[in-house]
Every structure is written in C-alpha cells, then in structure tokens.
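Reader: Hi, I'm new to this one. Could you walk me through it?
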Amino acid sequence: MAKKQRRRERGRAAAPAARPAAAHDRPPISGISGTNAAGTTTRRSYAGSARAGSPVRAGASRAIGEPSAMLERAATTERSFVVRDFKRIGIVVAIMVLLLVVSDVAVNALQP
C-alpha cells in the first residue's frame, strides 16, 4: 500500500487571492483593437492566450547569447540517447527483414 503524503490543508478562499494578476510584458498599444474605460482602443502586446500558464507565442527562440555549459551537456546526452535508440531500431528492422526473407525462402522450399 502506498504511503500517504501528508500536507497542510489550505483554505479554498485563500488560493485565488494569493495568485497575482497576470501582467503583460509590454504596455498596451492604443488605436488598434478593443476599448478601455476611457473609450480609447487598446491591443494586447502579444498574440497568445489570455490564460496564465498557456503558451504565449510560437516561433523563434527568445534566448539570447551562448547556452550554458550545463545546457550543452544535457543536450549532448539527449542526442546520444536518441542516436542509440535509432541505431537499435535500425538493427531490429534489419533483423526482421532478414527473418522475413529467410522464412519466405524456407516456406517456398517446403512447398512442392
């Protein structure tokens, strides 16, 4: 039986109040779409979902500069795993094709 994880209980009413409001990375631009309380039009600063935690935009990476050594090591390790997996898949496929050819020859040799 799995061990029960013990956690402190949190009140349901306190959770939404603790979360800060979503802030945009740029101020809204006037005169494009939507209206605010003053009657002027505004636009969101990015074309993405308004929900917190959802992807903001697709496209080019926002990282600037050289990647860290730790990130490079992790990427190299991941690439080596992928290369080994493809090598194993290739070996299995080659063996399967060889067995298929051998079995075809054997079946044709047994039938008169």
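This is a predicted model: local features need pLDDT of at least 70, side-chain atom pairs count only at pLDDT 80 or more; totals for chains, interfaces and linings use all residues.
Reader: Which residues make the nonpolar surface patch?
Author: Val82, Phe86, Ile89, Val93, Val97, Val101 and Val105 make a patch of about 620 Å². Patches are made of residues with over 30% relative accessible area and no salt bridge, with nonpolar side chains (Val, Leu, Ile, Met, Phe, Trp, Tyr) joined within 5 Å and like charges within 9 Å. Accessible areas come from the Shrake-Rupley method with a 1.4 Å probe, and for residues only the protein chains shown count as cover.
Reader: And where is valine 97 found?
Author: Valine 97 is in helix H2. Valine 97 is partly exposed, at 47% relative accessible area (buried is under 20%, exposed over 50%, partly exposed in between; 1.4 Å probe, protein chains only).
Reader: Where is confidence lowest and where is it highest?
Author: Helix H1 (residues 14–18) is lowest with a mean of 53, and helix H2 (residues 69–110) is highest at 96. The score is pLDDT, the predictor's confidence in each residue, from 0 to 100. The chain averages 75, and 55% of the residues score at least 70.
Reader: What's the pattern along the sequence?
Author: It goes α-β-β-α, with two helices and two strands. Helices (H or I, at least four residues) and strands (E, at least two) are DSSP runs, numbered from the N terminus.
Reader: How many salt bridges are there?
Author: One. The side chains of aspartate 85 and arginine 88 meet at 3.2 Å, N to O (the cut-off is a side-chain nitrogen of Lys or Arg within 4 Å of a carboxyl oxygen of Asp or Glu). Aspartate 85 and arginine 88 are about one helical turn apart because three residues separate their positions in helix H2.

Terms used: Residues are numbered from 1 along each chain as its sequence is written. Side-chain values use heavy atoms; hydrogens and water are left out.
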